[in-house]
Amino acid sequence: MADLKGSALVILAEGAEEMEAVITTDVLRRGKVKTVVGGLAGADPVTCSRYVVVKPDMSLEDAIKQGPYDAVILPGGLGGSNNLAKLKRSILQEQEQSGRIIGTICAGKENLL
């Protein structure tokens with residue numbers, strides 16, 4: 001992708017709201033932001049809140065190795081937010097301490113506060 005305008009990591013967790021994950025990823029990529037979808041539980045397909053199955057680009061662990069990212073995005077969905085509560089906070093702490101963006105959508109922030 002030529003002329004990239006920043007980078008973003010979308011963290012995909014089981015039970016995520018699929019529209020929040022997919023539309024966000026789509027808009028970022030259309031805007032020429034290098035966007036990686038990292039699977040919280042690995043690289044295997046994730047069943048989202050409405051039983052749509054989404055395949056992450058790679059595991060979150062592998063995605064973190066490609067960072068840092070200008071933005072880390074946490075899609076919501078009740079099940080997704082409950083699973084995001086298991087997220088190792090170090091990536092979010094590093095984002096915050098470096099003054100980079102953490103974007104939470106709807107319930108994505110619920111268990112992180």
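**Entry 1. Thr25**

I looked up Thr25 and found it buried, with a relative accessible area of 8%; here buried means under 20% relative accessible area, exposed over 50%, and partly exposed in between, with a 1.4 Å probe and protein chains only. The model is predicted, and local features need pLDDT of at least 70, side-chain atom pairs count only at pLDDT 80 or more, and totals for chains, interfaces and linings use all residues. Residues are numbered from 1 along each chain as its sequence is written, and side-chain values use heavy atoms, with hydrogens and water left out.

I placed Thr25 in helix 1; helices (H or I, at least four residues) and strands (E, at least two) are DSSP runs, numbered from the N terminus. Leaving aside residues up to four places away in sequence, I noted that Thr25 touches Val10, Thr35 and Val37, where contact means heavy atoms within 4.5 Å. I also took the C-alpha separation of Thr25 and Ile73, which is 9.3 Å for residues 48 apart along the chain.

**Entry 2. Helix 1**

I listed the buried residues of helix 1 as Glu18, Glu20, Ala21, Thr24 and Thr25. They pack against strand 1, strand 2 and strand 6. An α-helix has 3.6 residues a turn, so residues three or four places apart point the same way.

I then checked the length of helix 1. At 1.5 Å a residue its 13 residues should span 18 Å, and the end C-alpha atoms are 18 Å apart, which agrees; the expected span is 1.5 Å times one less than the number of residues.

I asked how many of the six residues of strand 1 are buried. The count is six, and strand 1 is mostly covered. Ser7, Leu9 and Ile11 point one way from strand 1, while Ala8, Val10 and Leu12 point the other way, and all are buried. For strand 2 (residues 34-39) I found five of its six residues buried.

Strand 1 (residues 7-12) and strand 2 run parallel and are joined by six bridges; two strands pair if DSSP finds at least two bridges between them. I recorded Val36 of strand 2 as the bridge partner of Leu9, and Leu12 stands opposite Gly39 in strand 2. With helix 1 (residues 18-30) between them in the listing, strand 1 and strand 2 make a right-handed β-α-β unit. Right-handed means that, with the strands pointing away from the viewer, the path from the first strand over the helix to the second runs clockwise.

On strand 1 I also found three bridges to strand 6, again in the parallel sense. There, Ala8 has Ala71 as its bridge partner in strand 6.

**Entry 3. The sheet and its edges**

I traced an open sheet of five strands in the order 5-2-1-6-7, with parallel pairing. Strand 5 and strand 7 (101-104) stand at the edges, each with a single partner strand, so one side of each is left without a neighbour in the sheet.

Helix 1 packs on the sheet, touching strand 1, strand 2 and strand 6 (71-74), and its direction makes about 155 degrees with that of strand 2. Helix 4 (residues 90-97) packs on the sheet as well, touching strand 1, strand 6 and strand 7, and its direction makes about 135 degrees with that of strand 6. Axes are lines fitted to C-alpha atoms, for helices over the stretch in contact, and angles run from 0 to 180 degrees between N-to-C directions.

**Entry 4. Strand 5 and Ser59**

Strand 5 (residues 58-59) pairs with strand 2 in the parallel sense over two bridges. I found Gly38 opposite Met58 and Gly39 opposite Ser59. Is Ser59 buried or exposed? Ser59 is buried, with a relative accessible area of 13%. Residues up to four places away in sequence aside, Ser59 touches Gly38, Gly39, Gly42 and Ala43.

**Entry 5. Cysteines**

I counted zero disulfides, taking a disulfide as a pair of cysteine sulfur atoms within 2.5 Å. Cys106 accordingly is in no disulfide. I noted that Cys48 is buried, with a relative accessible area of 3%, whereas Cys106 counts as exposed at 57% relative accessibility.
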